[in-house]
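Have the model open and your selection tool ready. We will visit some aromatic rings and then a pair of helices.

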Amino acid sequence: MVIENRIPDVSGINQTYEKMIKKLLFLLLLIPVVSFAQTDAQLAYSGVNTVTKVGDTLVVKLQYFEGKDANNTAIAPTLYQFDFQYNNKLLNLISRTWQPASTSAQKAYNSWNGYKFTIDDTKDQDDFDGQYLSWLSNDATYTTNADWSVERVTFQDVTALGTGDEFIKYEFIIKDKFNTNYSNYANILNANWANYKESDGTQVSVTGNTTLTDLGAIEGGNAGDVSISVESNVITNNIGDGADFIYSIYAKGDTTNVLASGAFDAAGDATVAGLENDVEYDLYISIDDSKTYMDNVVTVSDLALVFAEAIGAGNNPNGISTTFDYYLQSILANVVGETIPNGGDINFDDSYEILAYLQGVTSNNTTYISKKDDGYNISGIKSTYGDEVNGIATVSPTFKPTDSNKTFNFVHGLAGDVNFSHGFEPTSNNADITAAQQSKSTERTSAAAGVKFNAEEATLDLTSELVDGKVIFTINSEVEEMIGSQFNILYDTTRLTLNDVVFDTGNTMTNFSNHIEAEGKVVLGSFDQNFEATVKTGAPYKIIFTPTVEIQNTAGLISFRVNEGVKADGTQIIFKMN
């Protein structure tokens with residue numbers, strides 16, 4: 001489709017062609033011998049201000065620069081007409097302002113939406129007067145295109161403009177490219193042609209820049225679908241799944257006004273809409289702490305690690321050093337305090353609270369031990385999770401969607417989970433404490449980040465029998481090198497009551513038991529605070545129940561939630577039951 005709104009030719013096509021031919025012949029004769037070369041007039045347009053983000057106002061000025069003839073005399077057109085187009089999907093035209101102060105000038109502009117100029121490709125794109133003549137001859141045309149709009153400016157006066165004078169200024173609002181077919185803001189405003197004429201009708205040659213400065217770096221705008229994920233050993237070890245976690249997103253530094261929230265799917269993935277590009281957000285992840293496995297988060301294996309750190313024995317009597325493998329463990333183990341763990345020295349207050357928790361003893365301290373209905377969440381960007389800064393572990397919740405990055409991986413941990421049985425073990429080398437900084441060398445310290453806390457497995461034999469009207473449940477073990485053990489045992493309260501717990505673990509072992517009758521749970525185990533004595537092999541544990549109803553056998557009466565041991569170096573032993 002061709003736009004037919006044309007300014008009438010002032011002097012006629014034939015005279016224009018004759019003038020162009022004369023000019024060409026004149027140049028061919030004079031170029032080798034004269035000092036001056038004819039220069040074209042120019043149409044120049046550029047951004048007046050700097051724009052950086054969606055919503056900014058772009059001010060564009062259009063200027064005239066005079067040309068010179070072969071005698072270096074300024075060419076003085078009195079008619080100035082030009083045509084340009086802009087991308088209306090990315091720019092919103094809001095104003096036009098004429099710049100010349102002349103009261104005698106004739107000024108006009110025309111505007112058409114839904115058109116785009118197709119140049120005559122036999123001529124240079126910046127041969128603006130040539131493209132104008134091609135338009136007159138239909139070798140250059142306008143076609144329909146909903147993404148573009150055309151502006152035509154006409155200015156005529158009795159005197160010529162001075163070089164550098166501005167014709168007009170346009171103001172555009174930078175629009176959001178979301179839901180458009182454009183990935184950047186390049187090439188969004190183009191000059192099409194120019195028609196400059198002298199007072200006698202002579203056509204003036206015009207060149208200039210065809211494209212506005214590239215605005216490809218514009219920030220902001222709707223980020224579209226942003227992908228987030230959570231990693232945790234709850235998911236990796238099939239303890240639960242990703243649907244047990246929820247996320248909350250805030251503006252960076254704000255923890256009051258939730259901008260977006262939701263649940264992850266079973267794989268730990270989620271898609272978030274409504275965020276903006278190039279804006280920083282903070283994301284926090286929390287776990288559904290109503291899950292029964294929350295009572296298995298902090299165990300005797302964690303106690304062993306915290307107790308070893310509290311002792312603080314170094315490689316020689318002159319000082320102390322850490323037994324931890326990651327800086328983050330000083331956050332996870334710092335379970336006593338006024339706020340959710342934020343790092344610090346680990347002492348016997350922390351180890352005592354974990355031991356008291358396992359034994360069912362309540363203290364007056366404020367503690368942050370994750371358990372059922374009371375989870376304390378720690379989450380952050382995976383790549384920097386636990387990174388050391390000035391000797392302290394850092395956890396960053398901050399992310400920023402951009403055009404090139406809309407996928408972010410987060411990880412989750414729980415206070416008190418020092419051996420990462422349920423939380424994510426750091427994989428960044430910057431989170432690692434080097435072996436030279438540790439008070440002793442272990443197999444874990446020689447392992448790569450992220451794999452130091454792989455548990456071992458061992459098999460125990462269980463027997464359950466009716467003896468003199470009692471149910472005797474025996475845990476038989478041939479496992480050596482255990483300085484601690486823990487069993488969370490569930491029993492059927494409708495058919496059994498607890499009678500006694502019998503320990504035969506060795507004379508120097510400290511044993512503990514805790515009966516939670518309302519839940520039908522018995523927590524029992526052993527721990528040597530000197531990291532020297534080990535649990536005696538044979539039948540170290542017996543639990544005696546009295547049946548409350550007549551029973552024929554012991555099948556289905558007793559089950560386990562936690563069954564594990566720990567070595568002196570903190571290695572967790574997962575028991576397999578026969």
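**Stop one: aromatic rings**

Select Tyr64, Tyr80, Phe82, Trp98, Phe155, Phe167 and Tyr196: ring pairs join these residues into a cluster. Here, rings of Phe, Tyr and Trp (its six-membered ring) pair if their centres lie within 6.5 Å; planes under 30 degrees apart are stacked, over 60 edge-to-face, and the rest tilted. This is a predicted model, in which local features need pLDDT of at least 70 and side-chain atom pairs count only at pLDDT 80 or more, while totals for chains, interfaces and linings use all residues. Residues are numbered from 1 along each chain as its sequence is written, and side-chain values use heavy atoms, leaving out hydrogens and water.

By the pairing rule, there are 37 aromatic pairs. For one of them, select tyrosine 132 and tryptophan 193: the ring centres are 5.1 Å apart and the planes are at 45°, so this pair is tilted. Tyrosine 132 sits in helix α2 (residues 128-136) and tryptophan 193 in strand β8 (residues 189-198), so the pair links distant parts of the chain, 61 residues apart. Helices (H or I, at least four residues) and strands (E, at least two) are DSSP runs, numbered from the N terminus. Both tyrosine 132 and tryptophan 193 are buried (under 20% relative accessible area, 1.4 Å probe, protein chains only).

**Stop two: two helices**

Now show helix α4 (residues 300-311) and helix α6 (residues 348-359), whose axes come within 8 Å and cross at roughly 160°. That makes α4 roughly antiparallel to α6 (an angle over 145 degrees). Finally, display the contact residues (heavy atoms within 4.5 Å), including Phe307 of α4 and Leu355 of α6.

Conventions
Buried means under 20% relative accessible area, exposed over 50%, partly exposed in between (1.4 Å probe, protein chains only). Axes are lines fitted to C-alpha atoms, for helices over the stretch in contact, and angles run from 0 to 180 degrees between N-to-C directions. Angles under 35 degrees count as roughly parallel, over 145 as roughly antiparallel, 65 to 115 as roughly perpendicular and the rest as oblique.
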